[in-house]
Amino acid sequence: MFPRIPDFFCVGQYQIAKWVHWIGDRVLKKILVVFGSPHPNGNTNRLVKKFLEPFSSEQFDTQLFDVYAERVSPCIGCGWCAMQEDCCINDAGKRLDRLLRECDLLVIASPVYNLSFPSPLKAVLDRFQRYFEARFSLGKKPPIAKHRLAVLLAAGGSPSEEGVEIMEKQLNLCFSVMNTTLSGTAAWLSTDRGEIGWEKAEVALNRLSLAILSQI
Ligand SMILES: Cc1cc2nc3c(=O)[nH]c(=O)nc-3n(C[C@H](O)[C@H](O)[C@H](O)COP(=O)(O)O)c2cc1C
């Protein structure tokens with residue numbers, strides 16, 4: 001019925017669709033989930049669902065950007081964004097730019113692929129080059145006006161943390177020009193061995209959710 005939409009989102013889509021409004025005297029907080037798994041109901045989705053549990057109240061509006069559904073084209077290094085604050089590629093990257101500028105919390109949720117992000121998500125990170133050029137070629141300081149927190153939720157088949165560490169390094173590099181702070185990571189490792197690593201992942205997810213809740 002909802003192809004490629006993970007079930008955590010199917011609940012949220014019936015919530016209030018407006019991006020900005022007030023509930024009593026509290027501002028609605030916007031959460032953007034950039035979802036990087038080809039499996040809408042796989043291990044990465046399980047991480048997302050668990051992480052978002054404490055954010056289920058009406059105070060939070062969760063938007064999903066599924067990179068396998070959205071098909072963001074790779075950066076072609078044309079230099080356009082060094083001349084104007086824009087990207088010459090007219091695709092879902094434009095929508096992502098709008099969602100990104102508005103959100104209070106950015107969740108990057110991804111499986112580990114060859115010690116990195118799956119290629120559609122890597123394409124998204126490369127398209128963030130426009131913010132680097134806005135900062136250093138166009139002198140925009142900061143290139144994105146609003147500050148946001150970010151978290152990395154990662155699922156890896158092996159027990160090694162190496163891929164997750166590399167992914168964190170990549171995000172820190174991108175975020176350094178995006179007015180975005182990577183606040184923490186929760187990883188589910190050894191997924192190839194079934195449930196063995198889930199308990200540790202659950203503890204990390206709970207800790208991370210509560211830490212973020214106290215900050216946004
Ligand atoms: C192409 C490919 C490359 C992978 N590379 C790694 C890797 O480098 N390290 C690792 O720990 N797991 C690796 N895996 C395993 C996935 O990260 C793991 O199965 C993950 O739990 C999948 O999450 P998903 O259910 O959301 O797709 C790889 C899987 C695929 C398909």
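Me: In which sense do β6 and β7 pair, and over how many bridges?

Reply: Strands of a sheet pair through backbone hydrogen bonds, either parallel or antiparallel. In this predicted model, β6 and β7 pair in the parallel sense over eight bridges. Two strands count as paired if DSSP finds at least two bridges between them. Leu153 stands opposite Ala186 in β7.

Me: Before we go on, what should I know about the numbering and the cut-offs of the model?

Reply: Residues are numbered from 1 along each chain as its sequence is written. Since the model is predicted, local features need pLDDT of at least 70 and side-chain atom pairs count only at pLDDT 80 or more, while totals for chains, interfaces and linings use all residues.

Me: How many helices and strands does the protein have?

Reply: The protein has eight helices and seven strands. Helices (H or I, at least four residues) and strands (E, at least two) are DSSP runs, numbered from the N terminus.

Me: What is the strand order in the open sheet?

Reply: The open sheet of five strands runs β4-β3-β5-β6-β7, with parallel pairing. β4 (60–66) and β7 (180–188) each have a single partner strand, so they stand at the edges and one side of each is left without a neighbour in the sheet. Neighbouring strands of this sheet are turned by 20° against each other on average, direction ignored.

Me: Which helix packs on this sheet, and which strands does that helix touch?

Reply: Helix α8 (residues 198–213) does, touching β5 (105–111), β6 (148–155) and β7. The direction of α8 makes about 160° with that of β7. Here axes are lines fitted to C-alpha atoms, for helices over the stretch in contact, and angles run from 0 to 180 degrees between N-to-C directions. As for contact, two residues have one if their C-beta atoms, placed from the backbone, lie within 7 Å.

Me: And which residues stand opposite each other in the other pairs?

Reply: Strand β3 (residues 29–35) pairs with β4 in the parallel sense over seven bridges, and Ile31 stands opposite Thr62 in β4. β5 and β6 also pair in the parallel sense, over seven bridges, with Pro111 opposite Ala155 in β6.

Me: Is β6 mostly covered or mostly open?

Reply: A residue is buried if 20 or more other C-beta atoms lie within 10 Å of its own, exposed if 12 or fewer, and partly exposed in between, with C-beta atoms placed from the backbone. β6 is mostly covered, with seven of its eight residues buried. Across the protein, buried residues make up 36% of the 216 residues.

Me: How do I read the buried residues of a helix?

Reply: An α-helix has 3.6 residues a turn, so residues three or four places apart point the same way. In helix α6 (residues 129–136) the buried residues are Arg130, Tyr131, Glu133 and Ala134. They lie on the same side of α6 because they cover an arc of only 160° around the axis, the arc being that of the directions from the helix axis to the C-beta atoms. These buried residues of α6 pack against α5.

Me: What is Asn179 in contact with, beyond its neighbours within four places in sequence?

Reply: Asn179 is in contact with Pro142, Ile144, Lys146 and His147. Asn179 lies in the loop between α7 (162–175) and β7, and 18 other C-beta atoms within 10 Å make Asn179 partly exposed.

Me: Finally, how many residues surround the ligand?

Reply: There are 17, the closest being Ser37, Gly42, Thr44, Gly156 and Gly157. A residue is near a molecule or strand if its C-beta atom, placed from the backbone, lies within 6 Å of it. By class, this shell has five nonpolar, 12 polar and no charged residues. Ala, Val, Leu, Ile, Met, Phe, Trp, Tyr, Cys and Pro count as nonpolar, Asp, Glu, Lys and Arg as charged, and the others, Gly among them, as polar.
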